[in-house]
Amino acid sequence: MHEMSLAQGVLQIIEDHAMKERFTRVTSVWLEIGALSGVEPEAMRFCFDAVMRGTVAQGAKLEIIDVPGSGWCMQCGETVALPQRDSACPRCQGYQIQPTRGMEMRVKELEVG
Amino acid sequence: MCTDCGCGAGEAKIEGDGHAPSHRHADGTVHSHAHAHDEHEHAHAHLGASAVGTDMPGTLARRMLRVEEDILSKNNAYADANRRLWADRGIFAVNLVSSPGAGKTTLLVRSIEKLKGRLPLAVIEGDQQTSNDAERIRATGAAAIQINTVTGCHLDAHMVGHAFERMHVPDGALLFIENVGNLVCPAEFDLGEAHKVVILSVAEGEDKPLKYANMFAAADVMVLAKIDLLPYVQFDVGKCVEYARRVNPKIEVLQLSSTSGAGMDGWLDWLDRNASAAGASC
């Protein structure tokens, strides 16, 4: 499962920061997840809880910040909403769109103590 | 799984692993590494016992910590290291991805037969289990090493870096990396390759580019394979290409059959052209 590897990536980042910043407990984790990132938020929640068990972030609250997708429509020459990778341009109905936002998979903030 | 040294899937085994060193943490967990630590130069951040599993309530107040770090940043750092190393040595690396059974290994075997003697060739094979694919490649005379990801569903840049170190690949080589058959996870994991090539066989659905959009968005080339089967299957090539361009307007499309040889020249030309541009040569 893809979200399992990603949750492992989140744990690595948390543990690196735990070592650098010398904290022993994480109570909340904020993740930015883009609409085009291919990450399923519910699967991520499930894997997050499983992966954090027995670590510094056991029982931490997971807050997911959704980032909407958008892209540059080459035909219209402007940024348009792109809810999915295969969405058509809402203006010209074309598919010549380069995604510019919504690919995020990022650990944004931690609440530690 | 190994969170100590950044292995994405700590159970992964690379052919030739002499032993699996293990160690015990302060909290009592014992864990093994799939690789020998003296054989590589990656920087490994080992966590001290104080960082994990130690409870010191009340010593620090709760506070917010700004992180702003990509979840895949570790993998991406290993991928960048691979990419720099390969660029310095004129090695042209291609990451082949597809669903299981699309014909990656057969395409590789046929490609190696045609390219043998023209430039040095090497293959890193990824599968959950068995070294069958590496053996098929070695039967062609090309150097190959197998990575078994065991439960892992993709190759990551760290394991590929280790496998590469073991292979003694000559400068100027063409390096094929055959990923685990899976159209989901390998899309996210950069291995340091010059190009990701997605192979879709016409025995599959023509709407796969829409179903697995991230993979087709991440690839530079889509190879439509097994085109000798087109008379026997319902597969609309035009629609498939249209779907692929919907999720990736820049994707290049090649059509071929490893069995009949149709379209192989186009694929070999693409490899030749891009390998020369990368500095790979005899």
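**A tour of chains B and A**

Start with chain B: 44% of its 282 residues count as buried. The model you are viewing is predicted.

Colour chain B by secondary structure. It shows eight helices and eleven strands. Now think about its contacts. Among those between residues at least 6 apart in sequence, 74% join residues at least 24 apart.

Next, select L175(B), I177(B) and F216(B). They have the most contacts inside the largest nonpolar core, which has 69 residues. Zoom in on L175(B). Which residues does L175(B) touch, leaving aside those up to four places away in sequence? Pick out I91(B), F92(B), A93(B), A122(B) and V169(B).

Show helix α1(A), residues 2-21, and helix α2(A), residues 41-52. Their axes lie 8 Å apart and pack at an angle of about 50°. An angle between 35 and 65 degrees counts as oblique, so α1(A) and α2(A) are oblique to each other. Their crossing is right-handed.

Now show the side chains where the two helices meet. On α1(A), select E3(A), M4(A), L6(A), A7(A), Q8(A), V10(A) and L11(A). On α2(A), select A43(A), M44(A), C47(A), F48(A), V51(A) and M52(A). Colour this contact by residue class: eleven residues are nonpolar, one is polar and one is charged.

Conventions
Residues are numbered from 1 along each chain as its sequence is written. Chains are lettered from A and ligands numbered from 1 in the order in which they are written. This is a predicted model: local features need pLDDT of at least 70, side-chain atom pairs count only at pLDDT 80 or more; totals for chains, interfaces and linings use all residues. A nonpolar core is a set of buried Ala, Val, Leu, Ile, Met, Phe, Trp, Tyr and Cys residues joined through C-beta atoms within 7 Å. A residue is buried if 20 or more other C-beta atoms lie within 10 Å of its own, exposed if 12 or fewer, and partly exposed in between; C-beta atoms are placed from the backbone. Two residues are in contact if their C-beta atoms, placed from the backbone, lie within 7 Å. Axes are lines fitted to C-alpha atoms, for helices over the stretch in contact, and angles run from 0 to 180 degrees between N-to-C directions. Helices (H or I, at least four residues) and strands (E, at least two) are DSSP runs, numbered from the N terminus. Angles under 35 degrees count as roughly parallel, over 145 as roughly antiparallel, 65 to 115 as roughly perpendicular and the rest as oblique. A crossing is left-handed if the near helix is turned anticlockwise from the far one by less than a right angle, and right-handed if clockwise. Ala, Val, Leu, Ile, Met, Phe, Trp, Tyr, Cys and Pro count as nonpolar, Asp, Glu, Lys and Arg as charged, and the others, Gly among them, as polar.
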